[in-house]
Amino acid sequence: MPASASTRLLLVFGESLPCSRLTHLSRKVWSHTNVRFVSQVNPDDGPLTLASLNFKSEFEKTNKNKANKVERLGVPNETPKTKLRVVGSNSIKAVKAVGVKKALEIESAPFAAESFSELGLPPLLLERLETAGFTVPTDVQSAAVPTILKGHDVVIQSYTGSGKTLAYLLPILSEVGPLKKKSLNGEAESGKKKEIEAVIVAPSRELGMQIVREVEKILGPADKRVVQQLVGGANRSRQEEALKKNKPAIVVGTPGRIAEISAAGKLHTHGCRFLVLDEVDELLSFNFREHMHRILEHVGRKAGADPRGSPVKRAERQTIMVSATVPYSVIRAARNWDSSSSMQTQAASQSLPPALKHYHCVTKLQHKVDTLRRCVHALDAKSVIAFMNHTKQLKDAVFKLEARGMKAAELHGDLGKLARSTTLKKFKDGELRVLVTNELSARGLDVAECDLVVNLDLPTDSIHYAHRAGRTGRLGRKGTVVNICEEPEVFVVKKLQKQLRVPIPACEFTEGKLHVIEEEKL
Ligand SMILES: Nc1ncnc2c1ncn2[C@@H]1O[C@H](COP(=O)(O)OP(=O)(O)OP(=O)(O)O)[C@@H](O)[C@H]1O
């Protein structure tokens, strides 16, 4: 199948710098892929933070500029002449079944021309991929796998649901664990390793667990112990015991838990070869700075190296950074890893799957939940994620939906881990039609059947919009995003529309149908 023209991919790569250059540049762990190198900042500066990568200032600047532009255009106060276009629910019936796991219709498949066997993966891994039901790589996988296999540090930006997880897992599994390539003398090395060889960091428990499941899917039941989850909210002593007993080659966890166990001396990652930062922009945010600093300092550092001494010896760690929304500062840093490297760069709108349809519907605050209900019926949506910003309102919304006979449940950080897992499982199994949630579920949550995302409260910016929207329309499937807002918020929708470069036309839900209100071009 030819690569889809609408598939957007950003893959930035460069060579890891050799140790000698590293020690010269900085003693900080981040240094070999670091902006410090790029911007010649003093190597003894503080830990890696958003500020040190210029994230914050960049976003603020961008948003402010764009906001000013929108305001100058006078968008908020204009009431355009309108005409209605009815979109029948049939056109939005993309997902065929919820609960019953039938094959889901895929509209614009992001699959590449190559097969997995052309990507240089070892035979055992190819067999397991087939067993797990993965037959054709996606575009991002075709681009990333050979690049990572060559030993480059990589930044992967590709839109939500395009298969970024396997894009970094496959090259890791080629080199680490029981499915790896045979050694030079032709012998397959024993699957039993002594050290942790890959550390994968994700910002939430749910995302961490999801990555573990993806690894387990490929490893198969017999080799499940090769991967160990180290997520927060789970029993720490049990995790430590499992590390000791199973000696996993790969650990996947949240920054806090990985850093805690590492600080307690129970996680030996000095010889680690791969460090993956999944949702890198979130991981480099202020909230995670201390834990991420520890991880970046310790993963891949050879035992016995003096943290204050010079030169610092490092293992050959490869750093892989992944997100649908990679800030420009990270891309700029990556560009400087190797100025001669070829690079494909595209605009920021790549974070959204091309097949998604976006609308906004204006209503009064007290009618929002009812509008949501009408929206679900009009689109005949089977699996809906509704985002809100505050937990209290979220509970009220669930109560109202349930009172009107719509199966709904809440999912947020105030719930215990068991409640969170149970709700998520019910939603994935199709027992719930609407999952009312907050930012917790915006990143990474992979429910193929989700055919509608509704913003009952608008997200704070285009980055959050992209991650929320990306819960639907995964892997080229159809999906709809509806923003339910009050009249004074319409200017925010217009701003998002400009920043993301996607049309978000106004709509109404009447007589069980979605009516698009087309704005007449003046
Ligand atoms: N080659 C493939 N063939 C079939 N299914 C695939 C393939 N690659 C990935 N998938 C599936 O596609 C879904 C989306 O993949 P994944 O979660 O990795 O997307 P993502 O790009 O990381 O999304 P997000 O940015 O939202 O985290 C998953 O269910 C995954 O198992």
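**Close-up views of a predicted model**

**View 1. Helix H17 and its buried residues.** In helix H17, which covers residues 490–500, the buried residues are Val490, Val492, Val493, Lys495, Leu496, Gln497 and Gln499. The model shown here and in the other views is predicted, and the residue that comes just after H17, Arg501, takes a positive phi of about 55°.

**View 2. The crossing of helices H16 and H17.** Two packed helices are described by the angle between their axes and the distance between the axes. Helix H16, made of residues 462–469, and H17 have axes that come within 10 Å and cross at roughly 80°, and therefore H16 is roughly perpendicular to H17. On the side of H16 the contact is made by Ser462, Tyr465 and Ala466, while H17 contributes Leu496, Gln499 and Leu500. Sorted by type, the residues of this contact between H16 and H17 are 4 nonpolar and 2 polar, with no charged residue.

**View 3. The loop that holds Leu475.** Leu475 is placed in the loop between H16 and strand S14, the latter being residues 479–485. Although Leu475 is not a glycine, its phi is positive, at about 55°. Is Leu475 buried, exposed or partly exposed? Because Leu475 has 19 C-beta neighbours inside 10 Å, it counts as partly exposed, since a residue is buried if 20 or more other C-beta atoms lie within that distance.

**View 4. The residues around the ligand.** The ligand is surrounded by 21 residues, and the closest of them are Thr160, Gly163, Lys164, Thr165 and Gly444. Helix H6, which runs over residues 164–175, gives the largest share of this shell, with 3 residues. By type, the shell around the ligand divides into 10 polar, 7 nonpolar and 4 charged residues.

View 5. Helix H9 spans residues 255–263, and Pro255, Arg257, Ile258, Ala259, Glu260 and Ser262 are its buried residues.

View 6. Glu279 has its place in the loop between strand S7 (274–278) and H10. Its phi, near 65°, is a positive value in a residue other than glycine. Glu279 counts as buried because 23 other C-beta atoms lie within 10 Å.

**View 7. Ser383 and Asp429.** Ser383 is found in the loop between helix H13 (368–378) and strand S10 (384–387), and because 24 other C-beta atoms lie within 10 Å, Ser383 is buried. Along the sequence Ser383 and Asp429 are 46 residues apart, whereas in space they are 9.9 Å apart, taken from C-alpha to C-alpha.

**View 8. An annotated stretch, and the chain as a whole.** In an unreviewed entry, UniProt lists residues 114–142 under the name "domain: DEAD-box RNA helicase Q". In the model, the end C-alpha atoms of residues 114–142 lie 7 Å apart, and the span is 45% helix and 0% strand. The chain has 17 helices and 16 strands, and 48% of its 522 residues count as buried. Among the contacts in the chain with a separation of 6 or more, 76% are accounted for by residues 24 or more positions apart.

Terms used
Residues are numbered from 1 along each chain as its sequence is written. This is a predicted model: local features need pLDDT of at least 70, side-chain atom pairs count only at pLDDT 80 or more; totals for chains, interfaces and linings use all residues. UniProt positions are given in the numbering used here, feature names are shortened, and annotations may be inferred rather than shown by experiment. Helices (H or I, at least four residues) and strands (E, at least two) are DSSP runs, numbered from the N terminus. A residue is buried if 20 or more other C-beta atoms lie within 10 Å of its own, exposed if 12 or fewer, and partly exposed in between; C-beta atoms are placed from the backbone. Axes are lines fitted to C-alpha atoms, for helices over the stretch in contact, and angles run from 0 to 180 degrees between N-to-C directions. Angles under 35 degrees count as roughly parallel, over 145 as roughly antiparallel, 65 to 115 as roughly perpendicular and the rest as oblique. Two residues are in contact if their C-beta atoms, placed from the backbone, lie within 7 Å. Ala, Val, Leu, Ile, Met, Phe, Trp, Tyr, Cys and Pro count as nonpolar, Asp, Glu, Lys and Arg as charged, and the others, Gly among them, as polar. A residue is near a molecule or strand if its C-beta atom, placed from the backbone, lies within 6 Å of it.
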